[in-house]
Amino acid sequence: MASLEVEGVTVSYGGNLALDGVGFAAERGRVTGLIGPNGAGKSTLFDVVSGLRRPSSGRVLLDGRDVTRMGPARRARRGLARTFQRLEPFGRLSVRDNLLVAAELGPARRHPGRVADGIVHRLGLAEVAGAPADTLPTGVARLVEVGRALAVRPALLLLDEPAAGQDAAETRRFAELLRALAGDGVAVVLVEHDMGLVMSVCDEVHVLDLGKVIAVGPPEAIRTDETVLAAYLGES
Ligand SMILES: Nc1ncnc2c1ncn2[C@@H]1O[C@H](COP(=O)(O)OP(=O)(O)OP(=O)(O)O)[C@@H](O)[C@H]1O
């Protein structure tokens, strides 16, 4: 059973159809890419999966259970965590305190310090653990955002452009982290414009364009898919 299944989801903003009967799935132990040109509907799909936006039709299932009418908090309790394109750390809190606050919401809430320290170690944040979050360079701030999502020990992790602002070395380490998370059994879903990262870490890639799925397959196939190439060329 897939960890996440999306069936026939439609969302419109006024007259603008942002998602048009979209299907999607992600499994534990895999990194699933969700790509597409600007405005394709990727963030809207994350909003639907995380419960921030109700679709006008279609269903969302987590571990086989229909959660379409559940709010974000209940979905989070079922193991869903997400990051946002726009960074919103608790600015004046230190990196470690940002992680602590998140850990206090998760299943290991009795040991938030242990969870926070584990994430500091895993993400290589020891040098900045005491620094206020709003003093960090973007690439590091993105890691803290991912760390906050990890602090709730998610089974399904939705990442919205987590590598934006990372330099090449940070992105390489981040790719290793994503593979390691999948190795731990997490279902990782990656929305990302860095195609090098997408193609190197994803097991499967889904492509959206203008609210519709135009291709699904392994990175090798997506890279040379003519419909996908045409969608990206049409963007410029
Ligand atoms: N709050 C909103 N109100 C009205 N229209 C919106 C809203 N959010 C998104 N849209 C529109 O819905 C469509 C899908 O947007 P969405 O942000 O989901 O795409 P995206 O693939 O995440 O784009 P990007 O890669 O630029 O982040 C676009 O046409 C966008 O302009």
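Me: Where in this predicted model is Asp63 placed?

Reply: Asp63 sits in the loop between β4 (57–62) and β5 (65–66).

Me: What should I look for in the backbone there?

Reply: Start with the general idea: most residues other than glycine have a negative phi. Now the case here: Asp63 has a phi near 45°, a positive value in a residue other than glycine.

Me: Is Asp63 buried or exposed, or partly exposed?

Reply: A count of neighbours settles that one. A residue is buried with 20 or more other C-beta atoms within 10 Å, and exposed with 12 or fewer. Asp63 has 16 C-beta neighbours inside 10 Å, so it counts as partly exposed.

Me: Which loop holds Arg153, and what is its phi?

Reply: Arg153 lies in the loop between α5 (138–150) and β7 (156–160). The phi of Arg153 is near 50°, again a positive value in a residue other than glycine. Because 15 other C-beta atoms are within 10 Å, Arg153 is partly exposed.

Me: Let's turn to the ligand. Which residues surround it?

Reply: The shell around the ligand consists of Tyr13, Asn16, Ala18, Gly36, Asn38, Gly39, Ala40, Gly41, Lys42, Ser43 and Thr44.

Me: Which element gives the most to the shell?

Reply: That is α1, with three residues.

Notes. Residues are numbered from 1 along each chain as its sequence is written. This is a predicted model: local features need pLDDT of at least 70, side-chain atom pairs count only at pLDDT 80 or more; totals for chains, interfaces and linings use all residues. Helices (H or I, at least four residues) and strands (E, at least two) are DSSP runs, numbered from the N terminus. A residue is near a molecule or strand if its C-beta atom, placed from the backbone, lies within 6 Å of it.
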